[in-house]
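Visitor: I am new to this structure. Please walk me through it, and tell me where each label comes from.

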Amino acid sequence: MTTNQTIISIDPGREKCGLAAVHPEKGVLQKKIISTQDLPSIIKEWISKYKTNTVIMGNGTSSKEAKNLLEKILIDGQSLVVNLVDEYRTTDDGRRRYWQENPPQGFRRLIPVTMQTPPKPVDDYVAVILAERYMVIVNK
């Protein structure tokens, strides 16, 4: 991987996926949660938008099905290569990251965040964490 290559990261799920475009130097360029059925079309769009072919995915829930879907995408006549990354405890890490970026307000700030559930899914934060893990691995 070149140091300037944007990584498209996926936290796959049965019904929804977290997506993130992460650049090694510029950080998070975009993150969002999408319907799993929209995954192939959005990945094609992001590959074009970010001019990258580095796609990584967590190896947990639904990764096999999502990987099969994505490997049908052709980039310059070649199947898209999707690298799997260990997803162990990334949901916990995603929750922590959510609370770092969105501290509780009002009376909720008196309750430890470890006792709270974020008010929205954190799959997009998980995708960012997967990209960060991948960058550590490839830059060793």
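Guide: Arg-89 lies in the loop between strand S7 (82–85) and helix H3 (90–101). Helices here are DSSP runs of H or I with at least four residues, strands are runs of E with at least two, and both are numbered from the N terminus. This is a predicted model, where local features need pLDDT of at least 70, side-chain atom pairs count only at pLDDT 80 or more, and totals for chains, interfaces and linings use all residues. Residues are numbered from 1 along each chain as its sequence is written, and side-chain values use heavy atoms, with hydrogens and water left out.

Visitor: Why is Arg-89 called partly exposed?

Guide: Its relative accessibility is 48%. Buried means under 20% relative accessible area, exposed means over 50%, and partly exposed is in between, with a 1.4 Å probe and protein chains only. Arg-89, at 48%, therefore counts as partly exposed.

Visitor: What makes Lys-51 exposed?

Guide: Its relative accessible area is 72%, so Lys-51 is exposed.

Visitor: How do you know that Thr-90 is buried?

Guide: Thr-90 belongs to helix H3. Its relative accessibility is 0%, so Thr-90 counts as buried. Not counting residues up to four places away in sequence, Thr-90 touches Val-126, Ile-129, Leu-130 and Arg-133. Contact means heavy atoms within 4.5 Å.

Visitor: Why are H3 and H4 called roughly perpendicular?

Guide: H3 and helix H4 (residues 123–138) pack at an angle of about 110°, with their axes 8 Å apart. That angle makes H3 roughly perpendicular to H4. Angles under 35 degrees count as roughly parallel, over 145 as roughly antiparallel, 65 to 115 as roughly perpendicular and the rest as oblique. The axes are lines fitted to C-alpha atoms, for helices over the stretch in contact, and angles run from 0 to 180 degrees between N-to-C directions.

Visitor: Which residues meet where H3 packs on H4?

Guide: The H3 side includes Thr-90, Gly-94 and Tyr-98. The H4 side includes Tyr-125, Val-126 and Ile-129.

Visitor: What makes H1 oblique to H2?

Guide: H1 and helix H2 (residues 63–70) pack at about 55°, with axes 9 Å apart. That angle makes H1 oblique to H2. Leu-39, Pro-40 and Ile-43 in H1 meet Ala-66, Leu-69 and Leu-70 in H2.

Visitor: How many aromatic pairs are there?

Guide: Rings of Phe, Tyr and Trp (its six-membered ring) pair if their centres lie within 6.5 Å; planes under 30 degrees apart count as stacked, over 60 as edge-to-face and the rest as tilted. By this rule there are three aromatic pairs. In one of them, the rings of Trp-46 and Tyr-50 have centres 5.9 Å apart and planes at 80°, so the pair is edge-to-face. Trp-46 and Tyr-50 are four residues apart in helix H1 (residues 39–50), so about one helical turn separates them. Trp-46 and Tyr-50 are buried.

Visitor: Why is the pair of Tyr-98 and Trp-99 called edge-to-face?

Guide: Their ring centres are 5.1 Å apart and their planes stand at 80°, so the pair is edge-to-face. Both Tyr-98 and Trp-99 are buried. Tyr-98, Trp-99 and Tyr-125 form one aromatic cluster.

Visitor: How do you know that the charged end of Lys-31 sits over the ring of Tyr-125?

Guide: The charged end is 3.9 Å from the ring centre. A charge sits over a ring if NZ of Lys or CZ of Arg is within 6 Å of the ring centre and within 35 degrees of the ring normal.

Visitor: What makes Ser-62 buried?

Guide: Its relative accessible area is 14%, so Ser-62 is buried. Ser-62 is placed in the loop between S4 and H2. Leaving aside neighbours within four places in sequence, Ser-62 is in contact with Pro-12, Gly-13 and Arg-14. Ser-62 and Arg-14 are 48 residues apart along the chain, and their C-alpha atoms are separated by 5.8 Å.
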